[in-house]
Amino acid sequence: MNFNYYMPTKVIFGAGRLEELGECELPGRKVLVVISAGGSMRRNGYLDRTISLLEKNGVKSVVFDKILPNPVLEHVDEGAEVCRKEGCDFVLGLGGGSSIDSAKAIAVAAPNPGSYWDYVSSETGGGKPLPNKVLPIVAVTTTAGTGTEADPWMVVTNPEAKEKVGFGNDQTFPVLSIVDPELMLTLPPRLTAYQGMDAFFHSVEGYLSVKHQPASDYHALDAVKLITQNLPKAVKNGKDLEARSLVAWANTQAGFVECLSSNTAHHSMEHAVSAYYPEVPHGAGLILTSVGFFNFLAGKAPERFSALAEAMGAIDFIAGLKKLIIDIGMERLSFSEFGITKSDARRFAEKSFSSMPRLYKLTPHQFTVDEVTGIFETVID
Ligand SMILES: [Fe+2]
């Protein structure tokens, strides 16, 4: 019973609570608002609403709108340059995980010399200590997937190095996160499914991780239960505010789980897939690798799978997982639709070890490259 509990983010949770951005305490006077290049924040009116609430709160905004679904280094460094030039003293990520993660990475890079990649610890990252303090981060989430609003992690891809790597420290927790499920009602079914499954796997993997601990176990099992029960409803009827709210709370809990007990090699495997094929959504890559990975792991380290099955209301975790994939309409998803073939298996496996070895260490079975290649060969059609 030795564990740490550190979750310094103030979370404002609930339908309609974006309005409080207009009156709550904010960490600066001029903000860089980071959104995706896709245009949905403008189309849905979320950007205008956010800017006018900030204005009401006496904060000036500068918008940076280039972020891709798998954020790339170039845009982080460009955003940091804009942030410095405009003299912004904090960063707000508005949207899904990619926008919020990019906001975090910009908050790391803007006050520090050189490129964001100089500070990332990976095969090609510089791994340097940060000379200056990270800018304060605010998150307004419009999806329920990465849990980034309640954890210190950000994931950015360096396409030249073919590396998609997580980074974070005690300074990269958002100081404030607004989780307003009303902002999630417009999310299309396919994205709802991908993102909800990302949160599901964060919970499952945090529960299985060798770093598991009592506080994170509680959140992980509750999140697994809430997602199993409510994600299919949110996929079928996007306007179901109760289902959206329960999935959003599950996702925020999954963020707590990620802070406390991290993930497993399943995430290393997915990151290798989308490092080579950036068009594969993270949630899709996780779904596609999941049955093969967990089936193998359950054979090697079965101890903690029964509680997960019970949380899903299933006799067996793998059966519960397969049923959930059907319930959210993802049973026909395949690697081949992204042009991926079995010949990719070995380079995926090797890349997953070289880019994200840390999560392999947290997995309750010490995988070899051959074993992971074998799993990829079974799941690639
Ligand atoms: Fe994830």
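## Helix 12 against helix 14

A345, R346, F348, A349, E350, S352 and F353 of helix 12 meet V369, V372, T373, F376 and E377 of helix 14. Sorted by class, this contact holds seven nonpolar, two polar and three charged residues. The model that shows it is a predicted one.

Helix 12 covers residues 345–355, and helix 14 covers residues 369–379. Their axes come within 8 Å and cross at roughly 130 degrees. Helix 12 and helix 14 are therefore oblique to each other. An angle counts as roughly antiparallel only over 145 degrees, and as roughly perpendicular from 65 to 115 degrees. The crossing of helix 12 and helix 14 is right-handed.

## Two domains

The domain assignment of the protein gives two parts: domain 1 spans 10–183 and domain 2 spans 188–379. Taken over C-alpha atoms, the centres of domain 1 and domain 2 are separated by 24 Å. The contact draws 26 residues from domain 1 and 30 residues from domain 2.

Look at the side of domain 1 that touches domain 2. Strand 1 and strand 7 (163–167) are the elements that give two or more residues to this side. Strand 7 gives the most, with three residues. By class, the residues on this side of domain 1 are eleven nonpolar, nine polar and six charged.

Strands of a sheet pair through backbone hydrogen bonds, either parallel or antiparallel.

Follow strand 1 to its partner. Strand 1 pairs with strand 8 (residues 176–179) in the parallel sense, over four bridges. Within this part of the sheet, I12 stands opposite I178 of strand 8.

## A helix across the strands

## Helix 6 against helix 7

Helix 6 is made of residues 214–236, and helix 7 of residues 241–261. The two pack at an angle of about 150 degrees, with their axes 8 Å apart. Angles over 145 degrees count as roughly antiparallel. Helix 6 and helix 7 are therefore roughly antiparallel to each other. Helix 6 passes helix 7 in a left-handed crossing.

Helix 6 brings A215, S216, H219, A220, D222, A223, L226, I227, N230, L231, K233 and A234 to the contact. Helix 7 answers with A243, R244, L246, V247, W249, A250, Q253, A254, F256, V257, L260 and S261. Across the contact of helix 6 with helix 7, 16 residues are nonpolar, five are polar and three are charged.

## Helix 8 against helix 9

Are helix 8 and helix 9 oblique or roughly antiparallel to each other? Helix 8 (residues 265–276) and helix 9 (residues 282–300) pack at an angle of about 130 degrees. Their axes are 9 Å apart. Helix 8 and helix 9 are therefore oblique to each other. Helix 8 passes helix 9 in a right-handed crossing.

On one side of the contact are H266, M269, E270, V273 and S274 of helix 8. They meet H282, G285, L286, T289, S290 and F293 of helix 9. By class, the contact of helix 8 with helix 9 has four nonpolar, six polar and one charged residues.

Methods:
Residues are numbered from 1 along each chain as its sequence is written. This is a predicted model: local features need pLDDT of at least 70, side-chain atom pairs count only at pLDDT 80 or more; totals for chains, interfaces and linings use all residues. Axes are lines fitted to C-alpha atoms, for helices over the stretch in contact, and angles run from 0 to 180 degrees between N-to-C directions. Angles under 35 degrees count as roughly parallel, over 145 as roughly antiparallel, 65 to 115 as roughly perpendicular and the rest as oblique. A crossing is left-handed if the near helix is turned anticlockwise from the far one by less than a right angle, and right-handed if clockwise. Two residues are in contact if their C-beta atoms, placed from the backbone, lie within 7 Å. Ala, Val, Leu, Ile, Met, Phe, Trp, Tyr, Cys and Pro count as nonpolar, Asp, Glu, Lys and Arg as charged, and the others, Gly among them, as polar. Two strands pair if DSSP finds at least two bridges between them. Domain bounds come from an automatic or database domain assignment.
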